[in-house]
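Visitor: I would like to learn how to read salt bridges. Please take me through some cases.

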Amino acid sequence: MQEPTAEQALRDRARKLQALHIKLLFCPTTQEKWLTEASKVLDAFGLPSNMQDRIPDITTDQFKAESIGRRTLVERSIGKAFPETKLHLETSPDSPTFNDFICSDEFFDPKSGLPHSSGVGPGYENISKYFFWLKQETKLNSADCDLDLRNKVYTEFATWLINEFNRPHDPYYDQFEGGLYWVQNPNENKPVILLSDEYVLYTLNDTKTIKQLPQIGLTDLDGVEPPDWPDEATLL
Amino acid sequence: MDLRVGVRWDDPAQNERIHRAQEQCLIDYIEVNYPIPFGSNPHGLDIPVLAHTSSNPTCSAEGVNLNIARRIKEAADETNSPWIGEHLSWLGTAPTGSLGYQINPLFTDEIAAVTALNVSRLKEYYDRPIALELGPIYIQSTGYESEMHFLGSVANEVDTKVILDVTHWQIGNRNLERPIDYGLEAIDPSRIIELHIAGMRLGSDQRFWHDAHELLPDAEVLSIASKLIEDLPALEAVTFEHSPIASEEDFFVGLRQINDLTGNRRSRTAA
């Protein structure tokens with residue numbers, strides 16, 4: 001096996017410190033673990049215990065202010081895109097929480113979201129990451145899903161996608177021209193909900209009309225997934 | 001060198017007010033924050049451009065995304081920007097993407113070494129000078145005496161210029177309960193080529209200060225900027241950062257305040 005170069009070793013050490021510090025800034029669960037078992041957290045991030053002094057004291061008001069500010073920004077943007085979903089989740093016991101999302105691997109993984117409408121690639125917003133994460137956590141495309149939640153989440157995400165389509169956008173968003181549709185109940189073929197790119201919401205019951213939707217180029221929201229985005233080159 | 005005054009450009013919604021500011025000889029350039037929105041064309045304003053970006057995580061162990069760097073290089077080449085402004089920051093933990101607004105790195109030896117490598121490669125790639133800038137600070141440095149010492153050290157090592165964001169600097173000093181002038185001595189004054197000036201606000205906790213481009217610069221920031229304009233030997237540009245959604249009246253008030261600070265050092269080149 002080839003020995004890592006000095007730069008690779010340096011970057012590897014820095015990468016682990018970067019991952020830990022950023023996780024501590026966002027995730028309350030990691031913060032709690034850090035306060036009780038810092039050495040275990042260091043170990044989980046592949047760092048030796050003598051690196052603990054690189055991490056600031058997370059009990060200070062300064063650290064808390066920065067941490068709260070960062071979390072609030074993400075929470076606000078998600079709440080703005082998913083207001084009805086947020087209310088629904090807040091009043092449903094055992095629902096996934098915002099903390100669950102912000103501590104999840106999906107939040108930190110740019111490839112778990114869509115390419116940004118500005119053309120800079122995936123992972124530059126948190127709305128699509130949240131949608132795919134929540135869809136998976138609450139099994140929104142399964143037969144026994146909460147239909148009311150499904151309808152709220154899909155309507156709000158489709159609205160967000162149409163917003164992105166209606167402003168100057170990355171070609172990825174061209175597929176949302178005309179609008180998006182989804183079956184109201186994953187167990188049944190109809191009715192189908194259609195949100196047009198002019199924000200008109202239709203409920204379609206006619207089988208012939210429903211069959212025409214993909215043929216005229218409309219997108220099934222259940223088929224929208226984070227694309228297999230290639231790894232981009234870096235100036236290393 | 002004559003001093004120039006400019007404004008940050010983020011959005012086409014600013015074009016009209018910027019055009020009027022140019023007509024009134026209040027600005028000499030726009031500082032465009034790349035990458036810019038699809039379909040926008042600040043270069044069409046026919047006003048000199050300083051290239052800037054908040055989208056390169058120059059302190060990241062993952063390096064800098066070539067797709068983003070290429071967009072910035074192309075814009076800087078097209079506009080012949082005299083330097084490119086870059087932030088000392090992380091954006092997340094992956095080679096691409098951003099978790100929100102820029103994340104201050106850990107100010108440690110490892111991160112300084114990685115930053116020096118990243119910035120030297122960017123500088124070579126751009127084939128153009130780089131000016132480094134810090135964000136607003138909340139957390140005490142764990143490796144260097146302060147973030148200002150980290151900036152000064154990296155700038156010296158890679159031989160870059162420095163953008164001193166007076167507002168960010170003062171936010172850091174207030175949040176960490178340091179004297180007003182703390183940290184300036186850590187930066188070689190001959191490297192400071194540009195000042196950024198913007199508003200700041202006290203948070204609802206009545207304790208911590210935050211960047212607030214929707215507000216006008218406060219009196220203390222203007223007073224400090226005035227002295228810096230007098231004292232800094234290599235200063236070439238003063239950029240007013242004002243939100244596209246903030247009032248146009250405030251935009252012109254802020255620009256006139258900054259013009260008043262520059263006195264005879266500014267050569268009015270606008271039409």
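Visitor: In what kind of contact do the side chains of Lys16(A) and Asp12(A) meet?

Guide: A salt bridge is a side-chain nitrogen of Lys or Arg within 4 Å of a carboxyl oxygen of Asp or Glu. Lys16(A) and Asp12(A) meet in such a salt bridge, at 3.1 Å from N to O. This is a predicted model, where local features need pLDDT of at least 70, side-chain atom pairs count only at pLDDT 80 or more, and totals for chains, interfaces and linings use all residues. Residues are numbered from 1 along each chain as its sequence is written, chains are lettered from A and ligands numbered from 1 in the order in which they are written, and side-chain values use heavy atoms, with hydrogens and water left out.

Visitor: By about how many helical turns are Lys16(A) and Asp12(A) separated?

Guide: Helices (H or I, at least four residues) and strands (E, at least two) are DSSP runs, numbered from the N terminus. Lys16(A) and Asp12(A) are separated by about one turn, because they are four residues apart in helix H1 of chain A.

Visitor: Is Arg8(B) buried or exposed?

Guide: Buried means under 20% relative accessible area, exposed over 50%, partly exposed in between (1.4 Å probe, protein chains only). Arg8(B) is buried, at 13%. Its salt-bridge partner is Glu241(B), at 3.3 Å from N to O, and Glu241(B) is buried too, at 2%.

Visitor: How many salt bridges does the structure hold over all chains?

Guide: The count over all chains is 31.
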